[in-house]
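User: I am new to this structure. Please take a close look at its salt bridges and walk me through them.

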Amino acid sequence: LSQLPGWSMRPDGSIVIATGNDDALGVYACTPYNSYGTAGESQPTRVLLKDPPAFTVRPKEEYFQEVGRELVIPCAAHGDPPPTITWMKVGSAGRSGAQVDGNSSLVFRPLIKEQHGVWECTATNQVASVSTATSVHVLGTSPHAVTNVSVLPLLLAANISWEPGFDGGYFQRFSVWYTPLVKHPPRAHHDWVSLSVPVGAQHLLVENLQPDMSYQFSVLAQNKLGSGPFSQIVTSVPRGFPVTTVPPEPPAMTVRVFLSPPQALTANETVRGVLLRWEPPAQFSVALSGYALELRQDKGGWEVLDRSIPSTTTQVLVPGLIKDAFYEFRLVAFAGSYISDPSNTVNVSTAGMEVYPSRTQLPELLPQPVLAGVIGGICFLSVAVIFSTMAACIMNRRRAARVQKRRQ
């Protein structure tokens, strides 16, 4: 064994081969012995070299396709012996209606909303098993349910937070629904109350709750195609007023807060959208809480696109812009309840830009057909007013002429 690099023998008599190669091929037998001799060698065993699976074709990291269309995701591997290819949706039993063709490709025909998620391709033979994963995004659907709903009990209130699900390719909004756990018998099915969530927010403070009473909370997502499923229901009990006497707070001191706007905002076009970069404020006397991104389209009014950008972030990707449009972006910083002045404004024109699907699509302005209808209605109303005025003038003149004739 000393003449073979990487070969060694353990105290129990086993042979360890660090690297399998052609030197390891052959038939082996083991002969135990001691000071009295040996009882003979063991039955022979044969060593064969086999190759573990290796992917020759891997699926892309993610796929975007409209619901109802066909989607084929390739996956192939080789090995000795040849491996078996299987597909599985992560977090779900089975393939959720998908098929595997003769080339081991995953086939969605047609693609449905329930097939959205992470899919895993696994190649297995007698030697080993290897896997690779891809994400399938199904566009043109209602939103998916939000996840990780949590409730923080507060004084006569509760703070609800969640993680959004996939938006189906359209801008989505959220609403929080809550009800007392003990319902009143006369209206046991009408106690759920809904509250709209501000655009871009992923949390909501629900106030004016009764102390020491259990409440149930759920979150609903909606886009222009409809509503998604409700989230799981979370139960919580708001806190009541403390019984002990609280000493009076010392008089508040006036503190002057310095918070300058973010600096050097720039925009660069990428293959996935517009990448905005900036520098933090030059002066701030309190810790930054985060940033809010504002935009306006074609010289319209400013809208808040994202109000929850972390304070440690200095860049953000804006996908899903509308083709042949003119956008303006600006940024504000906030620290607690203090908000800075806006940063410099950057202009972005999407004329000729290729638009890619996005998880967060910008809210669109009035579509052209609706805008044309509004303008046409205004024009029709103006013409009607002019004709009415002219008719009134003509009638007044005729009436005056008749009165004049009667007097004569």
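Analyst: Lys50 is partly exposed, at 39% relative accessible area. Its partner is Asp80, and the closest N and O atoms of this salt bridge are 3.9 Å apart. Asp80 lies in strand S10 (residues 76-80), while Lys50 sits in the loop between strand S6 (45-47) and strand S7 (51-57), so the pair ties together parts 30 residues apart in sequence. Asp80 is also partly exposed, with a relative accessible area of 30%.

The model is predicted. A search of the whole structure finds 4 salt bridges. Side chains of opposite charge can pair when their charged atoms come close.

Another of these pairs joins Arg109 and Glu70, with 2.4 Å between the closest N and O atoms. Both residues sit in loops. Arg109 is between strand S13 (106-108) and strand S14 (117-124). Glu70 is between strand S8 (62-66) and strand S9 (71-73). They are 39 residues apart, so this pair links distant parts of the chain. Arg109 counts as exposed, at 61% relative accessibility. Glu70 is partly exposed, at 42%.

Next come Arg330 and Glu294, whose side chains meet at 2.6 Å, N to O. Here both partners lie in strands: Arg330 in S29 (residues 326-335), Glu294 in S26 (residues 290-297). The pair therefore ties together parts 36 residues apart in sequence. Glu294 counts as buried, because its relative accessibility of 14% is under 20%.

Now the setting. The protein chain has 1 helix and 31 strands. Buried residues make up 30% of its 408 residues.

Methods:
Residues numbered from 1 in each chain as written. Predicted model: local features only at pLDDT ≥ 70, side-chain atom pairs only at ≥ 80, totals over all residues. Heavy atoms only, no water. Helix = DSSP H or I, 4+ residues; strand = E, 2+ residues; numbered from the N terminus. Buried < 20%, exposed > 50% of the residue type's maximum accessible area, 1.4 Å probe, protein only.
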